[in-house]
Amino acid sequence: MVVKQFFGRDIPSEFSNFARDGFVIDFIFAIPIKIPFLTVTAFCILVICWIILEQSQFGRRLYAIGGNYEAAELAGVQVKKLRLIAFGLTGTGVQLQGLCTLQELHQQTQHRGRD
(Lines give C-alpha, C1' and ligand atoms only; values in the text may rest on other atoms or scores of the structure.)
Protein backbone atom coordinates (compact mmCIF):
# COMPACT_ATOMS: atom_id res chain seq x y z
CA MET A 1 0.00 0.00 0.00
CA VAL A 2 1.45 3.34 -1.08
CA VAL A 3 0.68 6.37 1.05
CA LYS A 4 1.08 9.75 -0.57
CA GLN A 5 1.69 12.81 1.55
CA PHE A 6 0.03 16.05 0.56
CA PHE A 7 1.54 19.41 1.25
CA GLY A 8 -0.08 22.85 1.03
CA ARG A 9 1.11 23.49 -2.51
CA ASP A 10 -0.32 20.16 -3.74
CA ILE A 11 -3.89 20.93 -2.70
CA PRO A 12 -5.93 22.79 -5.35
CA SER A 13 -6.77 26.38 -4.48
CA GLU A 14 -10.46 25.80 -5.34
CA PHE A 15 -10.59 23.32 -2.47
CA SER A 16 -9.41 25.85 0.11
CA ASN A 17 -11.51 28.68 -1.35
CA PHE A 18 -14.56 26.97 0.10
CA ALA A 19 -13.07 27.43 3.58
CA ARG A 20 -11.90 30.98 2.92
CA ASP A 21 -14.93 32.42 1.13
CA GLY A 22 -18.36 33.10 2.54
CA PHE A 23 -21.54 35.12 2.45
CA VAL A 24 -21.14 38.84 3.10
CA ILE A 25 -23.90 40.50 5.09
CA ASP A 26 -23.63 44.26 4.95
CA PHE A 27 -27.22 45.45 5.09
CA ILE A 28 -27.70 44.97 8.85
CA PHE A 29 -24.72 46.84 10.26
CA ALA A 30 -22.41 49.45 8.83
CA ILE A 31 -19.55 46.94 9.00
CA PRO A 32 -19.81 44.03 6.55
CA ILE A 33 -19.87 40.62 8.23
CA LYS A 34 -18.64 37.53 6.40
CA ILE A 35 -20.15 34.17 7.34
CA PRO A 36 -17.83 31.38 6.08
CA PHE A 37 -19.24 28.62 3.88
CA LEU A 38 -17.94 26.05 6.38
CA THR A 39 -20.10 27.61 9.10
CA VAL A 40 -23.16 27.48 6.88
CA THR A 41 -22.37 23.87 5.93
CA ALA A 42 -21.95 22.86 9.58
CA PHE A 43 -25.26 24.53 10.49
CA CYS A 44 -27.06 22.70 7.64
CA ILE A 45 -25.60 19.37 8.76
CA LEU A 46 -26.68 20.13 12.33
CA VAL A 47 -30.26 20.77 11.21
CA ILE A 48 -30.31 17.60 9.08
CA CYS A 49 -29.02 15.50 12.01
CA TRP A 50 -31.62 17.02 14.33
CA ILE A 51 -34.41 16.22 11.89
CA ILE A 52 -33.19 12.65 11.45
CA LEU A 53 -32.72 11.94 15.16
CA GLU A 54 -35.70 13.78 16.62
CA GLN A 55 -38.36 13.72 13.93
CA SER A 56 -38.00 10.33 12.22
CA GLN A 57 -38.73 6.76 13.10
CA PHE A 58 -35.10 5.88 12.36
CA GLY A 59 -33.90 8.30 15.04
CA ARG A 60 -36.36 7.04 17.62
CA ARG A 61 -35.19 3.50 17.02
CA LEU A 62 -31.57 4.57 17.43
CA TYR A 63 -32.48 6.17 20.77
CA ALA A 64 -34.19 2.92 21.77
CA ILE A 65 -31.07 0.92 20.93
CA GLY A 66 -28.92 3.34 22.92
CA GLY A 67 -31.25 3.22 25.90
CA ASN A 68 -31.55 -0.55 26.18
CA TYR A 69 -30.20 -2.87 23.51
CA GLU A 70 -32.13 -5.95 24.64
CA ALA A 71 -35.44 -4.13 25.14
CA ALA A 72 -35.20 -2.64 21.66
CA GLU A 73 -34.51 -6.07 20.22
CA LEU A 74 -37.50 -7.54 22.07
CA ALA A 75 -39.67 -4.66 20.79
CA GLY A 76 -38.96 -5.72 17.22
CA VAL A 77 -36.28 -3.21 16.26
CA GLN A 78 -33.72 -4.59 13.82
CA VAL A 79 -30.80 -3.77 16.08
CA LYS A 80 -27.93 -5.18 14.03
CA LYS A 81 -29.07 -3.49 10.82
CA LEU A 82 -29.60 -0.11 12.50
CA ARG A 83 -26.26 -0.27 14.31
CA LEU A 84 -24.50 -0.97 11.01
CA ILE A 85 -26.24 2.00 9.38
CA ALA A 86 -25.43 4.22 12.37
CA PHE A 87 -21.74 3.31 12.25
CA GLY A 88 -21.69 3.91 8.50
CA LEU A 89 -23.24 7.36 8.93
CA THR A 90 -20.75 8.13 11.70
CA GLY A 91 -17.86 7.18 9.41
CA THR A 92 -19.25 9.40 6.67
CA GLY A 93 -19.52 12.28 9.14
CA VAL A 94 -15.92 11.80 10.22
CA GLN A 95 -14.80 11.87 6.58
CA LEU A 96 -16.65 15.14 5.99
CA GLN A 97 -15.12 16.62 9.13
CA GLY A 98 -11.67 15.57 7.91
CA LEU A 99 -12.25 17.36 4.62
CA CYS A 100 -13.33 20.51 6.45
CA THR A 101 -10.23 20.35 8.64
CA LEU A 102 -8.04 19.87 5.58
CA GLN A 103 -9.58 22.96 3.99
CA GLU A 104 -8.84 25.03 7.07
CA LEU A 105 -5.29 23.70 7.31
CA HIS A 106 -4.64 24.56 3.69
CA GLN A 107 -5.98 28.04 4.30
CA GLN A 108 -3.57 28.54 7.20
CA THR A 109 -0.45 27.04 5.61
CA GLN A 110 -0.94 28.97 2.41
CA HIS A 111 -0.47 32.33 4.15
CA ARG A 112 2.00 31.35 6.88
CA GLY A 113 4.89 33.77 7.22
CA ARG A 114 3.45 36.43 4.93
CA ASP A 115 2.44 39.94 5.91
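Trainee: What share of the 115 residues of the chain counts as buried?

Mentor: In this predicted model, 10% of the 115 residues are buried. Buried here means under 20% relative accessible area. The chain exposes about 9400 Å², and carbon and sulfur atoms supply 64% of that area.

Trainee: Which helices and strands does the chain hold, and in what pattern?

Mentor: The chain has five helices and two strands. Along the sequence they follow α-β-β-α-α-α-α. As for contacts with a separation of 6 or more, 36% of them are between residues 24 or more positions apart.

Trainee: Why is Leu46 called exposed?

Mentor: Its relative accessible area is 55%, and the cut-off for exposed is over 50%. Leu46 is therefore exposed. Leu46 belongs to helix α2, which covers residues 37-55.

Trainee: What makes Phe43, Leu46, Val47, Trp50 and Ile51 a patch?

Mentor: A patch takes residues with over 30% relative accessible area and no salt bridge, and nonpolar side chains are joined within 5 Å. Phe43, Leu46, Val47, Trp50 and Ile51 form such a nonpolar patch on the surface, with about 520 Å² of accessible area together. For Leu46, the value of 55% can be set against the 30% limit.

Trainee: How many aromatic pairs are there, and why is the pair of Phe23 and Phe37 called edge-to-face?

Mentor: There is one aromatic pair. The ring centres of Phe23 and Phe37 lie 4.9 Å apart, and the limit for a pair is 6.5 Å. Their planes stand at 90 degrees, where over 60 counts as edge-to-face, so the pair is edge-to-face.

Trainee: Which parts of the chain does this pair link?

Mentor: The pair links distant parts of the chain: Phe23 is in strand β1 (residues 22-25) and Phe37 is in helix α2, 14 residues apart.

Trainee: Are Phe23 and Phe37 buried, exposed or in between, and how do you know?

Mentor: Phe23 has a relative accessible area of 45%, and Phe37 has 23%.

Trainee: Why are Cys44 and Cys49 called partly exposed?

Mentor: Cys44 is at 41% relative accessibility and Cys49 at 39%. Buried needs under 20% and exposed over 50%, so Cys44 is partly exposed, as is Cys49.

Technical notes. Residues numbered from 1 in each chain as written. Predicted model: local features only at pLDDT ≥ 70, side-chain atom pairs only at ≥ 80, totals over all residues. Heavy atoms only, no water. Patch = residues over 30% accessible without salt bridge, like charges linked within 9 Å, V, L, I, M, F, W, Y side chains within 5 Å. Areas by Shrake-Rupley, 256 points an atom, 1.4 Å probe, with all protein chains shown as cover. Salt bridge = Lys/Arg side-chain N within 4 Å of Asp/Glu carboxyl O. Helix = DSSP H or I, 4+ residues; strand = E, 2+ residues; numbered from the N terminus. Buried < 20%, exposed > 50% of the residue type's maximum accessible area, 1.4 Å probe, protein only. Phe/Tyr/Trp six-rings, centres within 6.5 Å; stacked < 30°, edge-to-face > 60°. Contact = heavy atoms within 4.5 Å.
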